[in-house]
Amino acid sequence: MNFQKRKRNFFHNHGYNQKKHKQFNLEPGMKGFLCTCNFSEKECVRDAYKILNEFADEIYGPDITKDTNNEDKKQSVREEDDSVSENDEEDDISTALNKELHELKTEYSKPVNARRFQVVDTGVKNVVFIRSTLTNPLELVTKIITELNETKQQRTRFLLRLLPIEVVCKANMTDIKAKANVMLEKYFAQEPKTFSIVFNRHSNSNIHRDEVIEDLAEIISKKNPGNKADLKNPEFAVIVEMIRGVCLMSVAPNYYKFRKYNLLEICNTKEPKNDTKEEEENVPNEQVKDVSLNKKDVKENKNFTEETIDDNKESIN
């Protein structure tokens with residue numbers, strides 16, 4: 001009997017662990033954001049949560065979901081906040097702490113599948129995936145990189161690249177071509193576009209780079225014969241990231257203009273300026289005249305020295 005109980009409990013827990021494994025590991029069918037960092041994954045996740053939530057609240061509003069099982073907990077936290085807010089001068093710090101605790105409690109009280117952003121394990125160092133319930137991750141990333149490019153204000157420290165991911169499928173050519181065919185339809189079927197295909201791999205050697213690029217380029221050319229490849233400055237970059245047994249794909253506009261979606265490099269780059277033209281425009285007309293006169297004097301002196309040299313040669317002869 002004891003053996004049967006152990007066996008039953010073992011299989012019960014095994015199923016629970018499998019369900020938990022799928023919730024917190026990168027799996028086909030997900031959407032979200034691919035983040036890269038340098039040996040600081042926890043800090044990278046913190047940066048990603050902060051910037052994604054901030055801009056998502058601006059675009060879509062705060063993430064509010066009803067959870068009937070936790071209404072009592074939320075109500076108790078609200079009562080604590082109200083009691084603390086009565087003494088503003090003495091309890092400003094505690095008010096801020098309670099507010100932050102309230103946000104964390106409401107966020108983690110939601111089911112995993114209902115959270116707007118949830119980090120999942122990729123199994124690869126320095127590569128983080130944030131799963132999202134948003135239908136269009138590209139819209140949020142475009143908002144972030146556009147504002148960073150305009151303001152040049154650094155908003156992250158450990159988060160480097162932030163790529164929107166529309167498709168996560170199994171890493172085999174059949175699934176890749178099938179999913180890519182649907183994804184590329186809305187970008188390349190209407191007007192002719194220029195494109196490039198960016199391929200990266202992480203702990204995967206089964207899929208060949210040239211095969212993926214050739215097959216995706218063929219799909220894009222079939223969508224519209226006017227689509228042309230441009231490796232330097234394409235309108236759209238098709239991103240293909242191989243991570244172990246899964247393939248992540250997306251389409252990124254202005255990929256090289258926005259420094260391959262590297263948030264730190266976007267803030268560090270400056271717009272090129274033609275200093276020589278600006279200096280010439282700022283120089284007064286009188287100085288320009290003086291410069292032109294000096295050039296004439298140099299020419300006259302040069303001619304004069306040449307004449308004197310010729311005269312000296314003749315006198316010597």
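Me: Hi! How many helices and strands are there in the protein chain?
Reply: Hello! This is a predicted model, and its protein chain has 10 helices and nine strands.

Me: And how much of the chain is buried?
Reply: Of the 317 residues in the protein chain, 37% are buried.

Me: What share of the contacts links residues 24 or more positions apart?
Reply: That share is 76%, counted among contacts with a separation of 6 or more.

Me: Let's look at some helices. At what angle do helix 2 and helix 5 pack?
Reply: The angle is about 105°, and the two axes are 10 Å apart. Helix 2 covers residues 41–60, while helix 5 covers residues 137–151.

Me: Why give both an angle and a distance?
Reply: Because a pair of packed helices is described by those two values, the angle between the axes and the distance between them.

Me: Okay, so are those two roughly parallel or roughly perpendicular?
Reply: Roughly perpendicular, because angles of 65 to 115 degrees fall in that class.

Me: Which residues make the contact?
Reply: From helix 2 there are Ile-51, Leu-52, Phe-55, Ala-56, Glu-58, Ile-59 and Tyr-60. Helix 5 brings Glu-139, Leu-140, Lys-143, Ile-144 and Glu-147.

Me: Staying with helix 2, is Lys-42 buried or exposed?
Reply: Lys-42, which sits in helix 2, is exposed because its relative accessible area is 70%, and the cut-off for exposed is over 50%.

Me: How far is Lys-42 from Leu-159?
Reply: Their C-alpha atoms are separated by 10.0 Å, and the two residues lie 117 residues apart along the chain.

Me: Leu-159 again: which side chain reaches its backbone oxygen?
Reply: The side chain of Thr-156 does, at 3.2 Å.

Me: Where is Thr-156 found?
Reply: Look in the loop between helix 5 and strand 4, the strand of residues 162–165.

Me: Is Thr-156 buried or exposed, and what does it touch?
Reply: Thr-156 counts as buried because its relative accessibility is 4%. Setting aside residues up to four places away in sequence, Thr-156 touches Asp-47, Ile-51, Leu-263 and Leu-264.

Me: New topic: where is Ser-196, and is it buried or exposed?
Reply: Ser-196 lies in strand 6. With 2% relative accessibility, Ser-196 is buried.

Me: What is Ser-196 in contact with?
Reply: Beyond its neighbours within four places in sequence, Ser-196 contacts Asp-230, Leu-231, Pro-234, Phe-236, Ala-237, Val-238 and Tyr-256.

Me: What about Ser-203, what is its phi?
Reply: Ser-203 has a positive phi of about 55°, though it is not a glycine. For background, most residues other than glycine have a negative phi.

Me: Where does Ser-203 sit, and is it buried or exposed?
Reply: Ser-203 is in the loop between strand 6 (194–202) and helix 7 (209–223). Ser-203 is exposed, at 59% relative accessible area.

Me: And what is the phi of Arg-244?
Reply: Arg-244 has a positive phi near 55°, and this residue is not a glycine either. The loop between strand 8 (236–243) and strand 9 (246–253) holds Arg-244. Its relative accessible area is 47%, so Arg-244 is partly exposed.

How values were computed: Residues numbered from 1 in each chain as written. Predicted model: local features only at pLDDT ≥ 70, side-chain atom pairs only at ≥ 80, totals over all residues. Heavy atoms only, no water. Axes fitted to C-alpha atoms, helices over the stretch in contact; angles between N-to-C directions. Helix = DSSP H or I, 4+ residues; strand = E, 2+ residues; numbered from the N terminus. Parallel < 35°, antiparallel > 145°, perpendicular 65-115°, else oblique. Contact = heavy atoms within 4.5 Å. Buried < 20%, exposed > 50% of the residue type's maximum accessible area, 1.4 Å probe, protein only. Polar contact = N/O pair within 3.5 Å; in protein donor to acceptor, adjacent residues only side chain to side chain.
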